[in-house]
Amino acid sequence: MIDWVFDFISDNAGIIIGCIKAVVVAIVLLQCVPFLVWLERRLMGRFQVRLGPNRVGPFGLIQPIADSIKLLFKESIITNSADKFLFHLAPAIVVFTAIVSFSAIPFGEPVTIFGQTFGLWVANLDIGLLFVFAVSSMGIYGMVLGGLASNNKYSLMGGLRSAAQMISYELTLGLSALGVIVMTGSLNLSDMVKAQETIPNIIIQPLGFLLFFIAGVAETNRAPFDLPEAEQELVAGFHTEYSGMKFAMFFMGEYINMITMSALVTLLFLGGWNSYGLPLFPILAFAGKVFFLLCVFIWLRSTFPRIRYDRLMTFGWKVLLPLSLLNLLFYGFIKAL
Amino acid sequence: MEINDLVYQSAIIIIGLTAVCASLGVILCSSPIYSALYLIGNMVCLAMLYLLYHAEFIAAVQIIVYAGAVMILFLFIIALLGGKKELQEHTLQRTIAFGFAGLLFGELLLAATVGVTKPIEGIFDPVNLKVIGGAKAIGLTLYSKHLVPFELASILLLVATIGVICLAKFPLKQIKKSLNS
């Protein structure tokens, strides 16, 4: 019996290790969310010259746990006119796609432990970048369905806005990433990091980085592009009718998308886990860059006012898209030479 | 290896069955929102099947283009027009449609008499099969062997895009006037 178990484990080691890695990454990702909420509230406090949450635990660190307990015990209100099934499905789609899109992101070189080589990723796909784009584009459905199922004009407007915004900015996101793909010649994310061993792409393609980052902020529906959830005009947009944990799930999705987007920017433009001479573990270098970008996300939120909706669309289609096409043409030209 | 093979085969069968159920849901559902959702489910199932057959690039494109972009526009329209449930009524068209579906099903059953299926030959041998679905292989054939049709198709799409913008943005009289002057 025991022999059979050991045989089974050694035969299917790949699958078992893959499952364990998937579970570990999903749990760590979900654990990052409360920390990120705490970071956002603390940093926003500092930006606005106030203290931020500092009563619950040291530096207010336990505040997010208290908040999530509060959210769990809140009554889950569903309006009578809402479509019950879609109403429950929408937040699940948002969180699911956010976690799955992170699965294709590598965060370090393969390490060897006990003679076994572990890749520091859940799946190292040849189409890594496309996979992330594909799955994160499915996340829009969560917001549209949330708006549709609520049966509420403001929510519907919020859902439609978010869909329009994300489709518009996805183009810029893809086209500015194409500049990197053209120079690397691969869609694999760890190949892209390998190609940046001497200089990071941000120095070679500063415009591409800027475009990708702006589109990334818009993709994650963060301020100043948080039109879908504009509190003043849309009463919080697609999640007006949501309460309790389902409301929190939309936020979980947003924060995980923020982490994924920061990781993508790090991999594509900041050299991934290359530390460029600094004595750091590769994974720490990667985590540090992601952390810095997350802080920039929060910094942007507390600095810029929200853009008007028509300006947002004009900015996306008439400024960012032509610029990203030019960027792509330029680097295609260089590559062809 | 045996277990892997079993899991692989059963995954294909389960996903295929889900795809069939989803496509049935598209036509049998009376609420347009749910129909659209079933269609999305069907497309995701197809993408998963492509993935299981080592066609990674096609799978990603299927999700990005069809499930991600096209279906969002469908949902947009449904949301703006208000997705009301359709009334089911028996008409002549319905009878004809059922007859047609029965005929198609009969033809499908005839396919079972063909006999044992053979693996595809040519460039699709087991070694090549792992590479052939990748972005590189598709790009190489698309931009060398099929370059002219590919470019023609892209021009056609461009013309269609411009046409749509013209039709949506300007009234028809104005376009005719500018063409005459």
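I take a helix axis as a line fitted to C-alpha atoms over the stretch in contact, and the angle between two axes as running from 0 to 180 degrees between N-to-C directions. The model I am reading is predicted.

**Entry 1: helix 5 of chain A against helix 3 of chain B**

With that definition I looked up how these two helices cross. Their axes come within 9 Å and cross at roughly 15 degrees. Angles under 35 degrees count as roughly parallel, so helix 5 of chain A is roughly parallel to helix 3 of chain B. I noted the crossing as left-handed.

Then I listed the residues that meet. From helix 5 of chain A they are A:Leu130, A:Phe131, A:Phe133, A:Ala134, A:Ser137, A:Met138, A:Ile140, A:Val144 and A:Leu148. From helix 3 of chain B they are B:Ala60, B:Ile63, B:Ile64, B:Ala67, B:Gly68, B:Ile72, B:Leu75 and B:Ala79. Sorted by class, this contact has 15 nonpolar residues, two polar ones and no charged ones.

**Entry 2: helix 5 of chain A by itself**

I checked the length of this helix, which covers residues 128-150. At 1.5 Å a residue its 23 residues should span 33 Å, and the end C-alpha atoms are 35 Å apart, which agrees. I also checked burial: 23 of the 23 residues are buried, so the helix is largely enclosed by the rest of the structure. Just after the helix, I found A:Asn151 with a positive phi of about 60 degrees.

**Entry 3: the contact between the chains**

I looked up how many residues each chain puts into the contact. Chain B gives 16 residues and chain A gives 18. On the side of chain B, helix 3 (residues 56-81) gives the most, with 12 residues. That side of chain B holds 13 nonpolar, two polar and one charged residues.

**Entry 4: B:Ala135**

I picked a residue of chain B that touches chain A. B:Ala135 lies in helix 6 (residues 135-144) of chain B. It has 20 other C-beta atoms within 10 Å, and since 20 or more is the cut-off, B:Ala135 is buried. Leaving out residues up to four places away in sequence, B:Ala135 touches A:Ile127, A:Leu187 and B:Phe57.

**Entry 5: chain B as a whole**

I counted eight helices and zero strands in chain B. Of its 181 residues, 16% count as buried. Among contacts in chain B between residues at least 6 apart in sequence, 56% join residues at least 24 apart.

**Entry 6: helices 9 and 11 of chain A**

Helix 9 (residues 206-219) and helix 11 (residues 244-269) pack at an angle of about 170 degrees, with their axes 10 Å apart. The two are therefore roughly antiparallel to each other. Their crossing is right-handed.

On helix 9 the meeting residues are A:Phe209, A:Phe212, A:Phe213, A:Gly216 and A:Glu219, and on helix 11 they are A:Met261, A:Val265, A:Leu268 and A:Phe269. By class I have seven nonpolar, one polar and one charged.

**Entry 7: A:Glu75**

Is A:Glu75 buried or exposed? It has 7 C-beta neighbours inside 10 Å, so I count A:Glu75 as exposed. A:Glu75 sits in the loop between helix 3 (63-73) and helix 4 (84-102) of chain A. Leaving aside neighbours within four places in sequence, A:Glu75 is in contact with A:Ser243 and A:Gly244. A:Gly244 is 169 residues away along the chain, yet the two C-alpha atoms are separated by 6.2 Å.

Definitions and conventions
Residues are numbered from 1 along each chain as its sequence is written. Chains are lettered from A and ligands numbered from 1 in the order in which they are written. This is a predicted model: local features need pLDDT of at least 70, side-chain atom pairs count only at pLDDT 80 or more; totals for chains, interfaces and linings use all residues. Helices (H or I, at least four residues) and strands (E, at least two) are DSSP runs, numbered from the N terminus. The expected span of a helix is 1.5 Å times one less than its number of residues. A residue is buried if 20 or more other C-beta atoms lie within 10 Å of its own, exposed if 12 or fewer, and partly exposed in between; C-beta atoms are placed from the backbone. Two residues are in contact if their C-beta atoms, placed from the backbone, lie within 7 Å. Ala, Val, Leu, Ile, Met, Phe, Trp, Tyr, Cys and Pro count as nonpolar, Asp, Glu, Lys and Arg as charged, and the others, Gly among them, as polar. Angles under 35 degrees count as roughly parallel, over 145 as roughly antiparallel, 65 to 115 as roughly perpendicular and the rest as oblique. A crossing is left-handed if the near helix is turned anticlockwise from the far one by less than a right angle, and right-handed if clockwise.
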